[in-house]
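Here's a quick tour of the rings and the nonpolar packing in this one. Have a look at the model first, then read on.

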Amino acid sequence: METFFNTLRKSPIKRGPDRWVGGVCGGIAARFGWDAGWVRVGTLLSFLLPVAGVGLYVVLWLVLPKYDGTIALERLIAGK
């Protein structure tokens, strides 16, 4: 399991400091040089889709590391 989390930490996309909820949109925007507002609009529009929307956002929030390297899923498994 440790290898999985170390691989996630090496991801070029991190949950961003420009955050409203979980930092997923801010992290994607920072990685690609996009405006975070437009990424948020796209995310909100994707919430209208039956499969992708909220579920995908929650999965990304759980597995994308923050800039300090912490991963929400790892903390949940460890009970922190």
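Two residues are in contact here when they have heavy atoms within 4.5 Å of each other. Keep in mind that this is a predicted model. With that contact rule, and leaving out residues up to four places away in sequence, V24 touches R15, Y57, L60, W61 and L64.

V24 also belongs to the largest nonpolar core, a set of seven residues. The largest share comes from α2, with three residues. There's a second, separate core as well: six residues, including F5, L8, L62 and I71. As a general point, nonpolar side chains tend to be buried together in soluble globular proteins.

Now for the rings. How many aromatic pairs are there? The count is two, and here they are:

| Pair | Centre to centre | Angle between planes | Geometry |
|---|---|---|---|
| F4 and F5 | 5.3 Å | 65° | edge-to-face |
| F32 and W34 | 4.9 Å | 25° | stacked |

Is F5 buried or exposed? F5 is buried, because its relative accessibility is 3% and the cut-off for buried is under 20%.

Terms used:
Residues are numbered from 1 along each chain as its sequence is written. This is a predicted model: local features need pLDDT of at least 70, side-chain atom pairs count only at pLDDT 80 or more; totals for chains, interfaces and linings use all residues. Side-chain values use heavy atoms; hydrogens and water are left out. Rings of Phe, Tyr and Trp (its six-membered ring) pair if their centres lie within 6.5 Å; planes under 30 degrees apart count as stacked, over 60 as edge-to-face and the rest as tilted. Buried means under 20% relative accessible area, exposed over 50%, partly exposed in between (1.4 Å probe, protein chains only). A nonpolar core is a set of buried Ala, Val, Leu, Ile, Met, Phe, Trp, Tyr and Cys residues joined through side-chain atoms within 4.5 Å. Helices (H or I, at least four residues) and strands (E, at least two) are DSSP runs, numbered from the N terminus.
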